[in-house]
Amino acid sequence: MTIQSTLSDVGNLGVSTKVDRAAYLLGLLSLRSELPSELAGLKEIRDRAFSLVRDRAIPSTREEEWRFTDLSGLLQVQFQNSAPSEIGFPQIESFLLPESTNSRLVFVDGVYAPALSAVNDLPDGVLAGNLAAGVQLFPKLYEHLALHPGGEEIFTALNTASFTDGAIVWVPKNQAITPPIHLLFVSTREALCHPRALVVAETGSSVTLVEEYVCLAEGAYFTNPVTEIWLGENAEVRHTRVQRDSVAAFHIGKTAVSQARDSRYDCTTVSLGGKLSRHHLEVYQTGEQTDTKLNGLTIVDGDRLGDTHSLIALSQPYGTANQVNKTIVSDRAHAVFNGRVVVPKAAQLTNAAQLSRNLLLSPKARVDTKPQLEITADNVKCAHGATVSQLEDDEVFYLQSRGIEADQARKLLTYAFAIEVIDRISVASLRNALTQLVRIQSA
Amino acid sequence: MSDVILSVKDLTAEVDGTPILKGFNLEIKAGEIHAIMGPNGSGKSTFSKILAGHPAYTVTGGEIVFQGQNLLELEPDERAKSGVFLAFQYPLEIPGVSNVDFLRVSYNAKRKHEGLDELDAFDFDEVVRSKVTLLKMDPSFLNRSVNEGFSGGEKKRNEILQMALLEPSLGILDEIDSGLDIDALKVVASSVNALKKPENATLIITHYQRLLNYITPDFVHVMANGRILKSGGKDLALELEAKGYDWVLDSQAVGA
Ligand SMILES: Nc1ncnc2c1ncn2[C@@H]1O[C@H](COP(=O)(O)OP(=O)(O)O)[C@@H](O)[C@H]1O
Ligand SMILES: [Mg+2]
């Protein structure tokens, strides 16, 4: 792999003009490396994405989609290409899940680490590996990769134009995989990387997926991942996405999900890290009677920002969608939630509910929450709501009246608010680890 | 230490500028059971929450002395640790906090205050299970979130469970009998009686005499419009049951 730095003359971008933002984006784009020969078939997809990005600029807050999420901090950070880090087993040991001892794929700074991965225990016909190897076994991969709607979104396109490998999980028809598949993306240095994952759950199959972003150093790196998930008819995917990036890092990620008829997608997202993190979560129901459950938790403190932009697009009758997005915001931090639910005329007899719950723990904390229900079908049940609150005095008092100090009472209540999301995670070791993290964060 | 547990003198209090307590007096000694009865809206719950230190109520005059110390100077949690316990009329639901964790944190806060070692989850489990059995509660309550989805009666029993763990010197039971069927009422009453000791005291707030068939009060006070209008022995409760509150209110109006 040739690695070269072409980003030398972008200079100091203190003031961000459109020109600066275009130059910066071009700089990011220029860091992409060659496609490995195995993935030569991707060239066309990659080139198309390249041309989508080339003439554009890093979005400013004047754009509606980015109104609350100011990327000018990113423009201050310069990235270079450098050789991937060599890390060993001991460094990632604390992130491993005992449930996934033999169903784990590890990527270090976006590069597949076969020595740290282990996929020995999966049933015949199931593929879990990296794209470069997977494409040999599954040429059908090209029927799924980078084919979701929304691929023109700037950071999604930047990923598609730049990724050189990724994770692939392919579950054949009627296969039910018991061990959760753990996709672990580790950041070790101040670099830009574009993790990519493709998950295909064929008709009648079921799989549990844990997608996790962690770091070994508290640096200002930039992770720009894209995960695509395809559920065949009557397939079931339980997905947990955990973002535990460094508090100096930038994380702008995309999860795109397509659901064929009768499929069930249950997603729990937990975002704890990042100086600026944004998650685009987009679910497209393409068949009848599909079921979508999204539960999200974002915790931000200091002067960090955590943003979730979600879309649930129903399109057929009898679909259901349930979404709860929670944020806990302290200090001068800022949480953003923008949740679109689209129920077109064809999506009759559907049932959609969305709730945005936000807990502000300090007077300077801020949340911008915007549910966007676009309903043109007439025979649907839709409910939505948003709450922004401090902790209830009555709740604090109840705990105090049992001898618990006010401060500890507030922590306990904050913890409880968070744990309702964490408790949905079916993988016990991950649930326990996150419970511990949340306990520490609210302590 | 004097054997007076609680002494309330000329207490006045308001909420959002509206006076609720208008010169309230009460003295409770060790070993006594007092009952405050009175029509809805007379200020009974307000008084109980002021004892516990609820921030919504402002004390505008008078004093509350609890075991020789000025109760009004203490934070709600300090009051609890010093031995004031209020079983709420409407116990709160706290989703996400498991009942057993909540009970342990509370129990350990008190132990720490008393200079005792805190109990770990294992040892605490033993303590709490014995109380649960005593209260004829379903042990599965311990693993559910605090009061979440509990029936009215279950919530009340959970309050008594907390009291049984904390062993307060003053237990205040605000309408502990409302929403309880007769069997649950008997269980609750017998646990309250079992918790009774010569060195502590109990204040029962109710507007039904029924509970007082099972917990015999030493004193009964009738409260209306923010103050106590009449005090007497346990027979006063029977008289109220037979005649209603109006005669007390009327005789007060005549006397005033
Ligand atoms: N937090 C509050 N805010 C406003 N008014 C209150 C509040 N608490 C009590 N009150 C008022 O004080 C009066 C006494 O209420 P309460 O103490 O609950 O009576 P009781 O328990 O005897 O039925 C009522 O008129 C009630 O509306
Ligand atoms: Mg009351």
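User: How many bridges join strand β15 of chain A to β17(A)?

Analyst: Strands are read in pairs, by the bridges between them. In this predicted model, strand β15 (residues 291–300) of chain A is joined to β17(A) by 10 bridges, and the two run parallel. One such bridge can be located in the structure: I299(A) has I328(A) in β17(A) as its partner.

User: Which strand pairs with strand β17 of chain A over 10 bridges in the parallel sense?

Analyst: The pairing can be followed from strand to strand. Strand β17 (residues 320–329) of chain A pairs with strand β19 (residues 350–360) of chain A, in the parallel sense and over 10 bridges. Here T327(A) is found opposite N358(A) in β19(A). Next, β19(A) pairs with strand β21 (residues 380–389) of chain A, again parallel and over 10 bridges. In that pair, L359(A) has S389(A) of β21(A) as its bridge partner.

User: What is the order of the open sheet of 10 strands in chain A?

Analyst: A sheet is described by listing its strands in order across it. For chain A the order is β2-β1-β5-β8-β11-β13-β15-β17-β19-β21; the sheet is open and its pairing is mixed. The edge strands are β2 (111–112) and β21 of chain A, each of which pairs on one side only.

User: Which strands of this sheet does helix α8 of chain A touch?

Analyst: A packed helix is read by the strands in contact with it and by its direction. Helix α8 (residues 406–422) of chain A packs on the sheet and touches β13 (264–271), β15, β17 and β19 of chain A. The direction of helix α8 of chain A makes about 150 degrees with that of β17(A). Helix α9 (residues 428–441) of chain A lies across β8 (206–215), β11 (236–243), β13 and β15 of chain A, and runs at about 35 degrees to β11(A).

User: What is the strand order of the open sheet in chain B?

Analyst: Chain B has an open sheet of six strands with mixed pairing, in the order β6-β9-β10-β3-β11-β12. Its edge strands, β6 (84–87) and β12 (227–232) of chain B, each pair on one side only. On average, and with direction ignored, neighbouring strands of this sheet are turned by 20 degrees against each other.

User: Over how many bridges do strands β3 and β10 of chain B pair?

Analyst: Five bridges link strand β3 (residues 33–37) and strand β10 (residues 201–206) of chain B, which pair in the parallel sense. Within this pair, H34(B) stands opposite L203(B) in β10(B). Helix α5 (residues 152–166) of chain B packs on the sheet, touching β6 and β9 (170–174) of chain B, with its direction at about 165 degrees to that of β6(B). Helix α7 (residues 235–243) of chain B also packs on the sheet; its contacts are β3, β11 (219–224) and β12 of chain B, and its direction makes about 45 degrees with that of β11(B).

User: Which residues surround ligand 1?

Analyst: A ligand is read through its shell of residues and its polar contacts. The shell of ligand 1 consists of V15(B), I20(B), P39(B), N40(B), G41(B), S42(B), G43(B), K44(B), S45(B), T46(B) and Y57(B). By class, four of these are nonpolar, six polar and one charged. Helix α1 (residues 44–52) of chain B supplies the largest share, three residues.

User: Where do polar atoms of S45(B), T46(B) and Y57(B) lie relative to ligand 1?

Analyst: A polar backbone atom of S45(B) is 2.8 Å from an oxygen atom of ligand 1. For T46(B), a polar side-chain atom lies 2.5 Å from an oxygen atom of the ligand. For Y57(B), a polar side-chain atom lies 2.9 Å from a nitrogen atom of the ligand. Taken alone, ligand 1 exposes 560 Å², of which the protein buries 60%.

Notes: Residues are numbered from 1 along each chain as its sequence is written. Chains are lettered from A and ligands numbered from 1 in the order in which they are written. This is a predicted model: local features need pLDDT of at least 70, side-chain atom pairs count only at pLDDT 80 or more; totals for chains, interfaces and linings use all residues. Side-chain values use heavy atoms; hydrogens and water are left out. A residue is near a molecule or strand if one of its heavy atoms lies within 4 Å of it. A polar contact is a pair of N or O atoms within 3.5 Å; within protein, one must be able to donate a hydrogen and the other to accept it, and residues adjacent in sequence count only if both atoms are side-chain atoms. Accessible areas come from the Shrake-Rupley method with a 1.4 Å probe; for residues, only the protein chains shown count as cover. Helices (H or I, at least four residues) and strands (E, at least two) are DSSP runs, numbered from the N terminus. Ala, Val, Leu, Ile, Met, Phe, Trp, Tyr, Cys and Pro count as nonpolar, Asp, Glu, Lys and Arg as charged, and the others, Gly among them, as polar. Two strands pair if DSSP finds at least two bridges between them. Axes are lines fitted to C-alpha atoms, for helices over the stretch in contact, and angles run from 0 to 180 degrees between N-to-C directions. Contact means heavy atoms within 4.5 Å.
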